[in-house]
Amino acid sequence: MQINKNSNGLLSIYFTAGYPTLDSTIEIAKALEQSGVDFLEIGFPYSDPVADGPTIQHSSEVALKNGMTLKLLFDQLKDLRKHVSIPVYLMGYFNPVLQFGVENFCKACKEVGVNGTILPDLPMYEYEELYKAIFEENGISNIFLVTPQTSEERIRKIDSLTTNFIYLLSSNATTGQQLEVKNQSEEYFNRIKEMNLVNPFVIGFGISNKETFEKATTYANGAIVGTAFVKILAQENPLKHIPDFINSLKK
(Lines give C-alpha, C1' and ligand atoms only; values in the text may rest on other atoms or scores of the structure.)
Protein backbone atom coordinates (compact mmCIF):
# COMPACT_ATOMS: atom_id res chain seq x y z
CA MET A 1 0.00 0.00 0.00
CA GLN A 2 1.61 3.22 -1.19
CA ILE A 3 0.44 6.81 -1.47
CA ASN A 4 -0.31 7.35 -5.16
CA LYS A 5 1.17 10.41 -6.89
CA ASN A 6 -2.05 10.80 -8.89
CA SER A 7 -4.16 10.96 -5.73
CA ASN A 8 -5.39 14.25 -4.38
CA GLY A 9 -7.33 15.46 -1.39
CA LEU A 10 -5.91 12.71 0.83
CA LEU A 11 -6.49 13.08 4.55
CA SER A 12 -4.09 11.66 7.11
CA ILE A 13 -4.66 11.77 10.85
CA TYR A 14 -1.97 11.67 13.52
CA PHE A 15 -2.62 10.42 17.04
CA THR A 16 -0.44 9.25 19.91
CA ALA A 17 -0.45 5.56 20.81
CA GLY A 18 -1.58 5.02 24.38
CA TYR A 19 -3.64 8.22 24.53
CA PRO A 20 -6.14 8.91 25.97
CA THR A 21 -6.02 5.38 27.42
CA LEU A 22 -3.37 2.70 27.10
CA ASP A 23 -5.60 0.37 25.07
CA SER A 24 -7.30 2.87 22.74
CA THR A 25 -4.84 2.66 19.80
CA ILE A 26 -6.61 0.07 17.62
CA GLU A 27 -10.12 1.37 18.41
CA ILE A 28 -9.11 4.87 17.29
CA ALA A 29 -7.48 3.51 14.12
CA LYS A 30 -10.62 1.52 13.26
CA ALA A 31 -12.89 4.52 13.86
CA LEU A 32 -10.71 6.74 11.66
CA GLU A 33 -10.76 4.33 8.74
CA GLN A 34 -14.52 3.87 9.06
CA SER A 35 -14.91 7.66 9.01
CA GLY A 36 -13.09 8.00 5.68
CA VAL A 37 -9.46 8.78 6.58
CA ASP A 38 -7.01 7.78 3.84
CA PHE A 39 -3.94 6.92 5.92
CA LEU A 40 -2.82 7.03 9.54
CA GLU A 41 0.18 8.22 11.50
CA ILE A 42 0.47 6.60 14.89
CA GLY A 43 2.89 8.40 17.15
CA PHE A 44 4.97 6.52 19.68
CA PRO A 45 5.54 8.74 22.71
CA TYR A 46 8.91 10.12 23.76
CA SER A 47 9.93 12.04 26.86
CA ASP A 48 11.46 14.98 24.95
CA PRO A 49 9.32 15.70 21.85
CA VAL A 50 11.08 18.91 20.78
CA ALA A 51 9.13 19.55 17.55
CA ASP A 52 5.72 19.11 19.12
CA GLY A 53 3.44 21.78 20.47
CA PRO A 54 1.80 21.57 23.91
CA THR A 55 -1.18 19.43 22.85
CA ILE A 56 0.87 16.59 21.38
CA GLN A 57 3.50 16.93 24.11
CA HIS A 58 0.74 16.44 26.66
CA SER A 59 -0.59 13.37 24.83
CA SER A 60 2.94 11.90 24.89
CA GLU A 61 3.27 12.55 28.62
CA VAL A 62 -0.08 10.90 29.33
CA ALA A 63 0.74 7.92 27.08
CA LEU A 64 4.07 7.37 28.85
CA LYS A 65 2.36 7.59 32.26
CA ASN A 66 -0.20 5.08 30.97
CA GLY A 67 2.70 2.69 30.30
CA MET A 68 3.05 2.92 26.51
CA THR A 69 6.33 1.59 25.07
CA LEU A 70 7.40 0.51 21.59
CA LYS A 71 7.26 -3.14 22.64
CA LEU A 72 3.72 -2.72 23.94
CA LEU A 73 2.71 -0.81 20.82
CA PHE A 74 3.87 -3.65 18.57
CA ASP A 75 1.96 -6.10 20.80
CA GLN A 76 -1.17 -3.95 20.31
CA LEU A 77 -0.61 -3.77 16.56
CA LYS A 78 -0.19 -7.52 16.02
CA ASP A 79 -3.82 -7.76 14.82
CA LEU A 80 -3.74 -4.38 13.06
CA ARG A 81 -4.46 -5.77 9.61
CA LYS A 82 -7.53 -7.65 10.84
CA HIS A 83 -9.11 -4.27 11.55
CA VAL A 84 -7.43 -1.62 9.37
CA SER A 85 -6.71 -1.77 5.63
CA ILE A 86 -5.45 1.79 4.92
CA PRO A 87 -1.71 2.64 5.04
CA VAL A 88 -0.27 3.09 8.54
CA TYR A 89 2.94 4.91 9.46
CA LEU A 90 4.67 5.08 12.82
CA MET A 91 5.95 8.53 13.77
CA GLY A 92 8.32 9.43 16.54
CA TYR A 93 11.83 10.26 17.59
CA PHE A 94 14.81 8.09 16.77
CA ASN A 95 16.07 7.48 20.31
CA PRO A 96 13.38 4.90 21.24
CA VAL A 97 14.01 3.14 17.90
CA LEU A 98 17.73 3.00 18.60
CA GLN A 99 17.08 1.58 22.06
CA PHE A 100 14.66 -0.99 20.63
CA GLY A 101 17.18 -1.87 17.90
CA VAL A 102 16.74 -0.60 14.33
CA GLU A 103 16.64 -4.11 12.87
CA ASN A 104 14.17 -5.31 15.52
CA PHE A 105 12.06 -2.22 14.89
CA CYS A 106 11.90 -2.72 11.12
CA LYS A 107 11.13 -6.43 11.49
CA ALA A 108 8.36 -5.64 13.97
CA CYS A 109 6.90 -3.04 11.58
CA LYS A 110 6.88 -5.63 8.80
CA GLU A 111 5.30 -8.30 11.00
CA VAL A 112 2.36 -6.12 12.06
CA GLY A 113 1.79 -4.54 8.64
CA VAL A 114 3.10 -1.01 9.20
CA ASN A 115 3.98 0.63 5.88
CA GLY A 116 6.61 3.11 6.94
CA THR A 117 8.08 5.40 9.53
CA ILE A 118 8.47 9.14 10.07
CA LEU A 119 11.54 9.85 12.21
CA PRO A 120 12.13 13.61 12.07
CA ASP A 121 15.44 13.57 13.93
CA LEU A 122 17.09 10.75 11.95
CA PRO A 123 19.67 12.51 9.73
CA MET A 124 19.40 11.65 6.05
CA TYR A 125 23.08 10.72 5.72
CA GLU A 126 22.84 8.38 8.75
CA TYR A 127 19.78 6.72 7.26
CA GLU A 128 21.50 6.26 3.92
CA GLU A 129 24.82 5.03 5.31
CA LEU A 130 23.68 2.95 8.28
CA TYR A 131 20.03 1.94 8.06
CA LYS A 132 18.69 2.12 4.50
CA ALA A 133 19.41 -1.53 3.74
CA ILE A 134 17.63 -2.68 6.92
CA PHE A 135 14.52 -0.62 6.11
CA GLU A 136 14.47 -1.80 2.50
CA GLU A 137 14.91 -5.51 3.22
CA ASN A 138 11.87 -5.30 5.49
CA GLY A 139 9.83 -3.27 2.99
CA ILE A 140 9.54 -0.29 5.34
CA SER A 141 9.48 3.20 3.81
CA ASN A 142 11.26 5.98 5.69
CA ILE A 143 9.47 9.28 5.20
CA PHE A 144 11.67 12.39 5.04
CA LEU A 145 10.68 15.91 6.03
CA VAL A 146 11.13 19.07 3.95
CA THR A 147 10.93 22.59 5.40
CA PRO A 148 10.77 26.04 3.76
CA GLN A 149 14.55 26.27 4.26
CA THR A 150 15.42 22.96 2.61
CA SER A 151 17.60 23.46 -0.48
CA GLU A 152 16.62 22.13 -3.89
CA GLU A 153 19.67 19.87 -3.87
CA ARG A 154 18.61 18.28 -0.60
CA ILE A 155 14.98 17.96 -1.72
CA ARG A 156 16.07 16.11 -4.85
CA LYS A 157 18.28 13.85 -2.72
CA ILE A 158 15.31 13.14 -0.45
CA ASP A 159 13.20 12.39 -3.52
CA SER A 160 15.80 9.88 -4.71
CA LEU A 161 15.79 8.09 -1.33
CA THR A 162 11.99 8.10 -0.95
CA THR A 163 9.88 5.05 -1.70
CA ASN A 164 6.51 6.40 -0.59
CA PHE A 165 5.79 10.09 0.03
CA ILE A 166 7.56 13.24 1.22
CA TYR A 167 6.34 15.08 4.32
CA LEU A 168 6.26 18.79 3.62
CA LEU A 169 6.27 20.94 6.76
CA SER A 170 4.15 24.04 6.25
CA SER A 171 6.54 26.05 8.43
CA ASN A 172 9.41 25.77 10.90
CA ALA A 173 7.01 26.15 13.84
CA THR A 174 6.12 23.40 16.27
CA THR A 175 2.98 21.34 15.69
CA GLY A 176 -0.33 22.99 16.46
CA GLN A 177 0.31 26.34 14.81
CA GLN A 178 -2.41 27.48 12.42
CA LEU A 179 -1.58 27.22 8.71
CA GLU A 180 -1.54 30.61 7.04
CA VAL A 181 -1.02 30.50 3.29
CA LYS A 182 0.60 33.86 2.64
CA ASN A 183 2.74 34.89 -0.32
CA GLN A 184 5.84 33.34 1.23
CA SER A 185 4.06 30.02 1.83
CA GLU A 186 2.59 30.01 -1.66
CA GLU A 187 6.03 30.53 -3.15
CA TYR A 188 7.37 27.63 -1.08
CA PHE A 189 4.54 25.26 -1.99
CA ASN A 190 4.69 26.22 -5.66
CA ARG A 191 8.48 25.81 -5.69
CA ILE A 192 8.07 22.21 -4.54
CA LYS A 193 5.25 21.58 -6.99
CA GLU A 194 7.27 22.93 -9.91
CA MET A 195 10.18 20.60 -9.12
CA ASN A 196 8.11 17.71 -10.54
CA LEU A 197 9.31 15.30 -7.89
CA VAL A 198 9.04 11.57 -8.49
CA ASN A 199 7.18 11.03 -5.23
CA PRO A 200 3.89 12.50 -3.97
CA PHE A 201 4.01 14.89 -1.05
CA VAL A 202 1.69 15.78 1.79
CA ILE A 203 1.60 18.90 3.96
CA GLY A 204 1.65 18.78 7.75
CA PHE A 205 1.71 21.26 10.66
CA GLY A 206 -1.12 23.75 11.00
CA ILE A 207 -3.94 21.79 9.31
CA SER A 208 -6.89 21.97 11.66
CA ASN A 209 -10.15 22.53 9.77
CA LYS A 210 -11.83 22.36 6.36
CA GLU A 211 -10.36 25.70 5.22
CA THR A 212 -6.74 24.81 6.02
CA PHE A 213 -7.18 21.26 4.69
CA GLU A 214 -8.48 22.56 1.36
CA LYS A 215 -5.69 25.16 1.16
CA ALA A 216 -3.04 22.52 1.76
CA THR A 217 -4.47 20.05 -0.75
CA THR A 218 -4.51 22.74 -3.42
CA TYR A 219 -0.72 22.39 -3.44
CA ALA A 220 -0.12 18.82 -2.28
CA ASN A 221 -1.54 15.32 -2.70
CA GLY A 222 -2.78 15.33 0.86
CA ALA A 223 -2.62 16.91 4.29
CA ILE A 224 -2.03 15.71 7.83
CA VAL A 225 -4.12 16.72 10.83
CA GLY A 226 -2.56 16.12 14.24
CA THR A 227 -3.10 18.62 17.05
CA ALA A 228 -6.75 19.34 16.22
CA PHE A 229 -7.54 15.61 16.31
CA VAL A 230 -5.60 14.96 19.53
CA LYS A 231 -7.81 17.66 21.12
CA ILE A 232 -10.86 15.60 20.09
CA LEU A 233 -9.40 12.62 21.97
CA ALA A 234 -9.30 14.70 25.16
CA GLN A 235 -13.11 14.88 25.17
CA GLU A 236 -15.40 12.49 26.99
CA ASN A 237 -16.23 9.39 24.90
CA PRO A 238 -13.83 10.47 22.12
CA LEU A 239 -14.72 7.68 19.67
CA LYS A 240 -18.24 9.05 19.18
CA HIS A 241 -16.81 12.44 18.09
CA ILE A 242 -14.52 11.03 15.38
CA PRO A 243 -17.04 10.73 12.47
CA ASP A 244 -18.26 14.32 12.87
CA PHE A 245 -14.71 15.65 13.09
CA ILE A 246 -13.62 13.84 9.91
CA ASN A 247 -16.78 14.98 8.10
CA SER A 248 -16.03 18.55 9.11
CA LEU A 249 -12.69 18.32 7.26
CA LYS A 250 -13.66 16.39 4.13
CA LYS A 251 -17.31 17.14 3.37
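Two strands count as paired here if DSSP finds at least two bridges between them. Helices (H or I, at least four residues) and strands (E, at least two) are DSSP runs, numbered from the N terminus. This is a predicted model, in which local features need pLDDT of at least 70 and side-chain atom pairs count only at pLDDT 80 or more, while totals for chains, interfaces and linings use all residues. Residues are numbered from 1 along each chain as its sequence is written, and side-chain values use heavy atoms, with hydrogens and water left out.

**View 1. Strands E1 and E9 side by side in the sheet.** Strand E1 (residues 10-16) joins strand E9 (residues 222-225) in the parallel sense, over 4 bridges. Look for Leu-11, which stands opposite Ala-223 in E9. Both strands belong to an open sheet of 9 strands with parallel pairing, in the order E5-E4-E3-E2-E1-E9-E8-E7-E6. At its edges are strand E5 (141-143) and strand E6 (145-146), each pairing on one side only.

**View 2. Two helices lying across the sheet.** Helix H1 (residues 25-34) lies across E1 and strand E2 (39-43), running at about 165° to E1. Helix H10 (residues 210-219) lies across E1, strand E8 (201-204) and E9, at about 145° to E9. Axes are lines fitted to C-alpha atoms, for helices over the stretch in contact (heavy atoms within 4.5 Å). Angles run from 0 to 180 degrees between N-to-C directions.

**View 3. Helix H7 against helix H8.** Helix H7 (residues 124-137) and helix H8 (residues 152-161) pack at an angle of about 25°, with their axes 11 Å apart. That makes H7 roughly parallel to H8 (angles under 35 degrees count as such). Met-124, Glu-128 and Lys-132 of H7 make the contact with Arg-154, Lys-157, Ile-158 and Leu-161 of H8. These residues divide into 3 nonpolar, no polar and 4 charged (Ala, Val, Leu, Ile, Met, Phe, Trp, Tyr, Cys and Pro count as nonpolar, Asp, Glu, Lys and Arg as charged, and the others, Gly among them, as polar).

**View 4. Helix H6 against helix H7.** Helix H6 (residues 102-112) packs on H7 at an angle of about 25°, the axes being 9 Å apart. Here Val-102, Glu-103, Cys-106 and Lys-110 in H6 meet Tyr-131, Ile-134, Phe-135 and Glu-137 in H7. The contact comprises 5 nonpolar, no polar and 3 charged residues.

**View 5. The salt bridge of Lys-250 with Asp-38.** The closest N and O atoms of this pair are 3.1 Å apart (a salt bridge is a side-chain nitrogen of Lys or Arg within 4 Å of a carboxyl oxygen of Asp or Glu). Lys-250 sits in helix H12 (residues 242-250) and Asp-38 in the loop between H1 and E2, 212 residues apart.

Note on methods:
Parallel < 35°, antiparallel > 145°, perpendicular 65-115°, else oblique.
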